[in-house]
Amino acid sequence: MKTRVIQVDREKPDAAAIEEAAAALREGKLVVFPTETVYGLGAHALDPIAVQKIFDAKERPANDPLIVHIAHIGQVNQCAVGMPAGARKLALSFWAGPLTIVLQKKPEVPDLVTAGLPSVALRVPSHRVARALMEMAGVPIAAPSANRFSRPSPTTAAHVIDDLDGRVDLILDAGPTDIGLESTIVDFTQDPPLLRRPGGITFEQVHSLVPEVVVQMEKGGADEPQAAPGQMSRHYAPKAELTLYEGPAEAVRRRIAADVRTATAAGDRVGILAPEEDLSALAPELAARASSGRVETVPYGSRSDLERSARELYASIRALDATGVARIFAVGVGAEGLARAIHDRLSRAADGRIKAVAGEKP
Ligand code: TXA
Ligand code: MG
């Protein structure tokens with residue numbers, strides 16, 4: 001299949017481009033579109049043949065359910081049975097936006113979409129291009145992130161082309177996405193409601209409206225339907241082996257400097273993924289080693305601007321991976337507010353390789 005890429009203005013998307021994409025979706029084709037979080041790989045959610053193409057294009061296991069995108073809250077009842085008061089509160093506050101709400105599904109939603117679960121995940125994206133597309137298509141759109149399975153989610157059309165060229169019909173390219181991490185998922189089919197995935201809407205924001213919400217802790221088995229994302233190992237994994245360092249910034253930097261010395265002495269090519277302040281602080285240590293061509297560094301935002309860290313995270317992981325390093329040492333930025341989502345994605349990429357570094361004893 002030849003993939004067509006159309007550039008669209010993110011503020012004022014061209015009506016002809018949106019109409020072409022909407023028609024393609026209605027006909028059962030695959031259309032990649034930007035959302036405020038990451039690019040989505042869309043298909044007509046009520047057409048099982050179209051939905052199957054998503055799993056084929058991504059090489060995604062059938063036990064990983066999809067998020068259904070709708071144009072506005074009025075479309076919820078096309079897919080779900082009822083909406084608990086807490087879910088309605090969240091929808092009224094955070095839709096359109098980076099929030100996904102899990103509700104009891106209607107029989108009209110194919111089992112393929114929900115991996116056989118009795119629930120369906122719904123989201124109203126705020127990106128102008130996505131909204132125009134949802135409205136024009138007039139049907140719910142099932143869309144996972146538009147990456148090949150086990151690759152980081154795409155935040156630019158170039159990432160999508162790297163993973164899916166020749167596997168999708170159309171890509172709407174509206175430039176880099178704003179938030180950079182996937183939506184927050186809250187499951188209202190559980191009592192109390194469960195935060196299944198942290199994202200751009202923080203746990204603290206959800207909690208202020210739904211005080212009973214709890215954070216999901218347990219991990220499911222790889223063969224069960226995936227009620228939460230990334231539970232299969234290597235879900236967000238880069239090709240390189242990533243280790244996440246957590247702890248006071250200064251102590252983490254000392255530890256990484258020591259580990260870089262050991263790794264390069266053993267002949268390993270390593271990369272460092274860190275906020276820009278940390279890379280600056282490490283620069284003197286790395287200067288000697290970088291000249292040997294063995295240490296690659298890529299920043300992801302700044303400790304003073306975690307929104308930028310979130311926005312840049314996946315692109316930075318891809319960039320570091322593209323250098324061909326065998327190992328990545330990643331510096332974490334805590335786990336509250338937006339950092340919770342960053343921590344979640346980095347710890348999944350680390351697949352258990354997390355080093356908690358203690359600070360200096362007083
Ligand atoms: O920001 C986003 O959410 C992006 C954009 C494209 O909207 N989409 C996205 O989709 O991240 P994806 O497929 O990468 O993540 C969907 C996750 C699944 O891994 C799944 O675990 C969870 O949403 N999910 C879907 N349906 C569910 C359900 N019925 N119950 C619980 N979790 C569900
Ligand atoms: Mg995904």
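Mentor: What follows takes a helix pair and a sheet, term by term. This is a predicted model, in which local features need pLDDT of at least 70 and side-chain atom pairs count only at pLDDT 80 or more, while totals for chains, interfaces and linings use all residues. Residues are numbered from 1 along each chain as its sequence is written.

Trainee: Why are α11 and α12 called roughly parallel to each other?

Mentor: The axes of α11 (residues 306-322) and α12 (residues 338-350) cross at roughly 25° and come within 9 Å. Angles under 35 degrees count as roughly parallel, so α11 and α12 are roughly parallel. Their crossing is left-handed, meaning the near helix is turned anticlockwise from the far one by less than a right angle.

Trainee: Which residues make the contact?

Mentor: Contact means heavy atoms within 4.5 Å. On α11 the contact residues are L306, E307, S309, A310, L313 and Y314, and on α12 they are L338, A339, I342, R345 and L346. By class, eight are nonpolar, one is polar and two are charged.

Trainee: What makes β14 and β16 edge strands?

Mentor: Two strands pair if DSSP finds at least two bridges between them. The open sheet has the order β14-β13-β15-β12-β16, with parallel pairing. β14 (295-299) and β16 (354-356) each pair on one side only.

Trainee: How do you know that β12 and β15 pair?

Mentor: β12 (residues 241-246) and β15 (residues 327-331) share five bridges in the parallel sense, against the required at least two. I328 in β15 is the bridge partner of L242.

Conventions
Chains are lettered from A and ligands numbered from 1 in the order in which they are written. Side-chain values use heavy atoms; hydrogens and water are left out. Axes are lines fitted to C-alpha atoms, for helices over the stretch in contact, and angles run from 0 to 180 degrees between N-to-C directions. Helices (H or I, at least four residues) and strands (E, at least two) are DSSP runs, numbered from the N terminus. Angles under 35 degrees count as roughly parallel, over 145 as roughly antiparallel, 65 to 115 as roughly perpendicular and the rest as oblique. Ala, Val, Leu, Ile, Met, Phe, Trp, Tyr, Cys and Pro count as nonpolar, Asp, Glu, Lys and Arg as charged, and the others, Gly among them, as polar.
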